[in-house]
Amino acid sequence: EIQTPVFLSAEVEIPPDWEGEPVEVELWLGGEGFVRLSNGVTGGLNPFHRAFPVAERARVGEKVRIEAEVVSKGLWGSQVAEPRIERAALVVPETSVRSLLRDLAVVAAACEELDGHDAVPHLLDAVDAAFAALAPHWPSESGAAVARYLRGYEYPAGDGLSSLPSELASQIAGGPRGMRAMWAVPQPGRPLEPLPDTARRALREARKLLAGRLEEIKREYPPVGRLALTGHAHIDLAWLWPLAETRRKARRTFSSVLSLMDRYEDFTFNQSSAQLYAWIEEDDPDLFERIRARVAKGRWETVGGMWCEPDCQIPSGESFVRQLLHGQRFFEEKFGRRSTVAWLPDAFGFSPGIPQLLRGAGITGFFTAKLKWSATNRFPLDLFHWEGLDGSRVTAHFTRNPGMDYNGDIAPFDLLGVWRNFKGKRRHPESLFPFGWGDGGGGPSEEMLESRARLGDFPALPRLRMGRVDEFFESLPDEDLPKWVGELYLELHRGTLTTQGLVKKLNREAEHRLLEAEAFATIAALHGAGYPSEEFDRLWKILLLNQFHDILPGTSIAEVYREAHGQLREVVGGAEKLRNGSLRAVACGSGDGGVTLVANAGLAPRPLSALLPEGVSAVAGRDGEPLPVQRTAEGLLVHAPDVRVPGLGGITLRRVEGAGAEVRSPVLVEDSGDGVILENELLRVEIHTDGTLHRVYDCEMDREVLDGRGNQLQAYVDRPANWDAWDVDEGYELEGEEIPAAERIEVVEEGPLRAAVRVVRRWRSSRITQTYRLHTGSRRLDIVTEIEWHEREILLRALFPLNIRSATATCETMYGAQDRPTHANTSWDAARFEVSAHRFADLSEPGYGVALLNDGKYGHSARDNVLGLSLLRSPMYPDPFADEGEHRFTYSLFPHPGDWTEAGVVEEAFALNSPLVAVLGSETFAGSGFVSVEGLKLALGSLKWAEDGRGGILRLYEPHGARGAALLRFAHQIRSIERVNLLEEPEGDAPAIRDGVVRMEVRPFEVITLRLRLRAG
């Protein structure tokens, strides 16, 4: 096995007869590489960047040292079967031939795309005239002609072109058609010779003639439309290669771009993702400084304003905030500027919570290309106002490039296609055109920039100009644009909500552990403890990296996930350590003083229900009365629904000797003859021997919850037509079966505080163990699921037919919730057969509803009265063992009086994901919460220390879509309070404070960020 990268070097000397000639070095070394010449030239090596300038005018005897760092991979992670040096040559290019070839190539391509246009015959006549002027002077002697003809065969075979479309591969490979199919390639008989001076003069004359004819044609057939060009390299932070290779790809690409900027004075380039720049700063400080210089001159644009280009459906609202906070702060610190445009060409759908968050970080524009990919309905707009949940708007634009999408080529096919497809031309005369090969392609190429010089003002094609993304968006109209309200749903790639389940579960855990740790660290800081800002910064950036749009969605290779799992576990463990340390600081001591602090990281008070620290056998409340406890396999459970733990605060329990208190209303377990019944004062749950829920009866409301068997586990054949890890095809339900009856069902906890029934199923090579848990005084039925999964190309789902009729289902999203139809009246409705939801999805009718909660799943369905949850997928590509092995997660059925906004669904979903935390302490905690909310219900986004160290940052949001006044009561005296944006800068009027209470008017789904300066106590 080759250990990569491989380092190669050589030294060559300019031959005596090359004096004054332009000299290049041509390389193909068996894979992608980074090349450095002793003349200071650096650049990436790939199929689009294979020649490097040595000298404009060579000096005899001059020596050139060539160094290369090469990996044995082709484009997009493809294998190079036999990596070796296939070409390493010092050459003198025939620049006049190259120039005329490019002239003729763009005219020929334009004729192909303008097929049927009146200008085409005139263009073809111009080509004929150029050839006619050249023909009398072109050398035809056999030896020289054959040598030149065979030069086209020298492009190496192991170039990774097999991963490209055939037409594109043919264009790149060059050479005569069919040359590679020859039985044997003849020998030319003599080396390649320079052209005679007469031929060179003829080439120059032919170019002049062609240029003159094009000017004449342009007067009759002027350019049509306008495109603003922006160089671009879409570098996936991981995908078909690991993170370490991305760092090398970035270095290669950026070096190539800077080299082209030295040669093409008006060439502008944009690059997103603060993470990429941070890596470059670490790996190649000199290169980073060169980038900074180009940014300062306006040639290089840092776009996006985010830490990376994240997935835009799965991350929490707070994670998206941190993408913006860390991204914009990095760009401002390192480059002195922020971005005003969100650059997200390749994400797989967009939450309706995003516009408000973009605006809160100073971003008013939004660019994507992915909506073009929708498989059922053509998205009707490409220049519009996108309005989010709260009414915030950003100006959105996307292109429909029939070529390589956002990896555009400056070729007539792409250019004319984008202009023809641009529907917004009624309102704006210009569209944006990103160009440059992504990932291993090295960004813009010399060929593209040469084509731009020829096509910039070409007959009957769009007029081209180099531009900046931010300036283009500033030029867009703010009035008279159509409006799109709500999510931008991609009718494709729905499997990304489920694939690689472990990375999604760890993401959810990391989000909640960081929320808890920051909140309690802030409270501890108010009690005099230090705040570990640097460690929080490090952990957040690890999480943000792993929310990249090909990591979190599950579409990368196995090597990526081995690294991602380790990194996310580091975040979870690091955050837990910080959280527990802060709680111990609040509890004042070493943990042996006879008290247990139970803390609540949520905003709303919660019933006391927590696992006690090891060594605690009984506890008493503030009044000294023992509290009910139960020994479980996980530890000692204290559960007292009548005892409330304040939000962003805690209560202290005294450690006492003896048994726990008697439970007044214990949860009961009963053998029904054909299964087991769990019952508390609110619910009666009948678990059949087949493992499903045959009945859930609401005792308090006197109604049935289910309309059929609940928690049916269905296994579907999952072989999408395309994009294995990405897609779930619409007809997947036609090929499936229900997981058969349980092989074992047993009672594993008999109360009095919690009862549990374990169900074990085997299916093919896998085992599914589910434990139904019901607490006394609770409406939440937890289904703790452990799976040993050893299947391929199977989608596992859980279905709950509910005794609810509703035309819409409500799904949690970033800082809010969205309604989606439960019917399939239109093709738009039918296409939403698999949708995203965060911690809950809910069906409610007036007076009653049922929510399906989860602690790490995102793919949901809601058809008629059936809520479904996707549990696992197991695609073959690009990771043949995706989701193989052990999984543990919980989902819960939560029947509730009233609709979801009245029933505390948001709070219950938060409680499932962020249980109460208990630690040992030595002194009694004050017990009051950091802040309480009266009036309009709000939810917690975060409580953290300010980035500049000046006070605390409290982020709240309205979770239900309601409007009204909210009163905030703080447990500490407020020295000052101000409204800030997501970048923690003053925004708007400071909230009024009266008698220690802050009153705020809040609009539906509004995100509120406050800077607080408090006094402890």
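Accessible areas here come from the Shrake-Rupley method with a 1.4 Å probe, and for residues only the protein chains shown count as cover. On that basis the protein chain exposes about 39000 Å², with carbon and sulfur atoms supplying 48% of it. This is a predicted model: local features need pLDDT of at least 70, side-chain atom pairs count only at pLDDT 80 or more, and totals for chains, interfaces and linings use all residues. Numbering starts from 1 along each chain as its sequence is written, and side-chain values use heavy atoms, leaving out hydrogens and water.

Stay zoomed out for now. The C-alpha atoms fill a box of roughly 110 × 60 × 60 Å along the principal axes. Of the 1017 residues, 61% are buried (under 20% relative accessible area, 1.4 Å probe, protein chains only). Switch to cartoon and you have 18 helices and 52 strands, which are DSSP runs numbered from the N terminus (helices: H or I, at least four residues; strands: E, at least two).

Next, select residues 226-232, strand β8. Is this strand mostly covered or mostly uncovered? Mostly covered: 6 of its 7 residues are buried.

- Residues 430-435, strand β15: parallel to β8 over 6 bridges, with R226 opposite E430.
- Residues 463-466, strand β16: parallel to β8, joined by 4 bridges; here R226 has R463 as its bridge partner.
- Residues 269-271, strand β9: parallel to β8, joined by 2 bridges, with G231 partnered by F269.

Methods:
Buried < 20%, exposed > 50% of the residue type's maximum accessible area, 1.4 Å probe, protein only. Pairing = 2+ DSSP bridges.
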